[in-house]
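Let's take a friendly walk through a protein structure. Have a look at the sequence and the 3D view, and then read on.

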Amino acid sequence: MIPAHAASVSSDTLRAIAAEVGTPVYVYDARAIDAGAARWTGCVADPARICFAAKANSNLAVLARLERHGIGLEVATPGELGRGLAAGFAAPRIVLGGVPKSDAAVEAGLRAGVGLLVLQSEREVEAALRLADGAAAGAVRADAAGADGADGPLQVGIRVRPGIRAGAHPSLETGREDAKFGFPPDGVEDAWRALAASRRIRPTTLAVHLGSGLPDAGPYERALDVILGLADRIGRDGPPVAEIDIGGGLGIAYDRADGDPEPADLVARVERRLAGSEMVARYEPGRSVVARAGVLLTRVLYRRERDGAPALVCDAGYTDFARYALYGGQHRVLPVGGREEGEPTVEVLGPTCESGDVLGTARRLHGVRADDLLAMRDAGAYGFVMASNYNSRPRPAEVLVDGDGWRVVRPRERLEDLWRHETVA
Ligand code: LLP
């Protein structure tokens with residue numbers, strides 16, 4: 001059965017969108033986005049503990065739709081922070097997450113008054129202490145208090161690198177011993193103590209993010225073993241750990257229409273482990289909320305034989321959708337209004353000047369001809385956000401379908417947009 005969090009937009013509507021807006025175009029189904037949020041709000045008692053990872057899809061209309069569910073937002077950069085605020089998320093509901101941050105990024109979080117700032121290196125700890133405690137701190141925190149009405153200390157988390165291989169694609173593993181993110185477990189206590197000594201900062205949270213596209217909750221259980229042991233040690237002679245931020249990472253079954261790992265299963269395991277302690281959990285899902293809710297529509301430019309099998313050269317390329325080129329990520333590619341046919345031997349290629357411009361391989365698309373419309377399924381996460389302008393290709397349009405209606409929520413870039421900020425002399 002097609003899950004409610006998967007886009008279900010009729011072929012007629014997809015054709016109408018392609019005819020009116022052109023291709024390539026990302027199409028998001030608002031009701032599927034709602035269902036994606038509901039996968040998590042249905043099993044986490046306090047929606048503010050679910051912080052959607054904006055990096056998965058940061059279109060303002062998508063973020064605003066998610067905001068209605070009362071959930072929070074995880075942002076990685078001042079750019080994503082700005083988008084979250086513009087989409088209507090209140091700063092205290094935003095986590096500035098644990099990716100490498102410049103001093104300016106730490107300061108942007110302080111100034112905005114984010115609800116949680118996750119630090120992941122000594123340098124960031126030092127910047128947070130300096131900016132929150134130093135001469136400029138009054139201004140920084142006063143701004144923050146003014147912005148959201150809250151005063152009191154800035155809540156801070158420490159990202160831990162638990163030294164776990166989670167079984168993700170090597171590029172998407174982030175909790176391994178040799179990863180660039182976070183503190184090793186034995187480096188956390190000093191940072192925690194230093195932060196606790198500041199009047200303006202309150203360390204509350206240990207954060208992890210193990211990797212992305214994980215098929216089950218197993219790696220999270222192993223991470224909790226490490227994190228809970230650490231929390232126990234920290235609590236003995238410092239302020240206790242109040243919260244475990246478990247990160248994102250839950251995958252979806254890209255090769256079929258259903259059968260995704262369930263957030264409820266992960267949440268039940270985490271809550272069971274925390275039961276009896278004072279600690280609460282925070283979650284940062286991205287893909288599991290919106291991946292299924294989006295499709296990328298592309299038109300076939302022509303067919304060509306390659307190694308004895310047909311290849312379809314399309315008007316979308318890896319500049320529009322990078323997941324195959326970067327990770328070998330195979331998505332279902334389906335003919336709009338047609339069906340899959342024949343042996344799984346057809347390649348789906350993009351139009352740019354690189355032979356690695358591949359959208360998918362081994363597809364059953366033998367009946368597809370030039371000018372036919374294809375739907376790259378489950379493209380709602382890490383799709384448009386990773387698009388580039390290589391070959392000076394304007395990035396695609398984005399459309400939001402809501403029931404019987406639809407609207408463009410980001411127009412296709414125009415050629416002039418490509419050089420708007422450049423000068424000749
Ligand atoms: N929290 C943190 C700190 C993260 O770094 C990420 C993803 C998430 C949450 C959300 O993870 P999710 O639930 O979406 O797996 N471009 C890649 C994915 C990179 C994810 C990076 N961090 C892809 O297309 O698969």
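In this predicted model, 17 residues surround the ligand. Ser212, Gly249, Glu284, Arg323 and Tyr382 are the closest of them. Which side chains place a polar atom by an oxygen atom of the ligand, among them Tyr382? The table lists some of these pairs, with the distance from a polar side-chain atom to a ligand oxygen atom.

| Residue | Distance to a ligand oxygen atom |
|---|---|
| Lys55 | 3.2 Å |
| Arg287 | 2.8 Å |
| Tyr382 | 2.6 Å |

Now for the helices. Two packed helices are described by the angle between their axes and the distance between the axes. Keep those two values in mind for each pair below.

Start with helix H4 (residues 78-86) and helix H5 (residues 103-112). Their axes come within 10 Å and cross at roughly 20 degrees. Angles under 35 degrees count as roughly parallel, and H4 and H5 are therefore roughly parallel to each other. On the H4 side, Pro78, Leu81 and Leu85 make the contact, while H5 brings Ala105, Ala108, Gly109 and Ala112. Sorted by class, these residues are 6 nonpolar, 1 polar and no charged.

H5 also packs against helix H6 (residues 122-133), at an angle of about 50 degrees and with the axes 9 Å apart. How do H5 and H6 lie, oblique or parallel to each other? With that angle, H5 and H6 are therefore oblique. Their crossing is right-handed. Asp103, Val106, Glu107 and Leu110 of H5 take part in the contact, together with Arg123, Glu124, Ala127, Ala128, Arg130, Leu131 and Ala132 of H6. This contact of H5 with H6 has 6 nonpolar, no polar and 5 charged residues.

H8 passes H9 in a right-handed crossing. From H8, the residues Val188, Glu189, Trp192 and Arg193 meet Leu230, Arg233, Ile234 and Asp237 in H9. Here the classes are 4 nonpolar, no polar and 4 charged residues.

Finally, consider the backbone. Most residues other than glycine have a negative phi, and most peptide bonds are trans. Where does this model hold a cis peptide bond? One joins Thr23 and Pro24, with omega at about -5 degrees. Pro24 belongs to the loop between helix H1 (11-21) and strand E1 (25-29). Ala362 is worth a look as well: the phi of Ala362 is positive, about 55 degrees, although Ala362 is not a glycine. You can find Ala362 in strand E14 (residues 358-363).

Note on methods. Residues are numbered from 1 along each chain as its sequence is written. This is a predicted model: local features need pLDDT of at least 70, side-chain atom pairs count only at pLDDT 80 or more; totals for chains, interfaces and linings use all residues. Side-chain values use heavy atoms; hydrogens and water are left out. A crossing is left-handed if the near helix is turned anticlockwise from the far one by less than a right angle, and right-handed if clockwise. Helices (H or I, at least four residues) and strands (E, at least two) are DSSP runs, numbered from the N terminus. Contact means heavy atoms within 4.5 Å. Ala, Val, Leu, Ile, Met, Phe, Trp, Tyr, Cys and Pro count as nonpolar, Asp, Glu, Lys and Arg as charged, and the others, Gly among them, as polar. A residue is near a molecule or strand if one of its heavy atoms lies within 4 Å of it. A polar contact is a pair of N or O atoms within 3.5 Å; within protein, one must be able to donate a hydrogen and the other to accept it, and residues adjacent in sequence count only if both atoms are side-chain atoms. Axes are lines fitted to C-alpha atoms, for helices over the stretch in contact, and angles run from 0 to 180 degrees between N-to-C directions. Angles under 35 degrees count as roughly parallel, over 145 as roughly antiparallel, 65 to 115 as roughly perpendicular and the rest as oblique.
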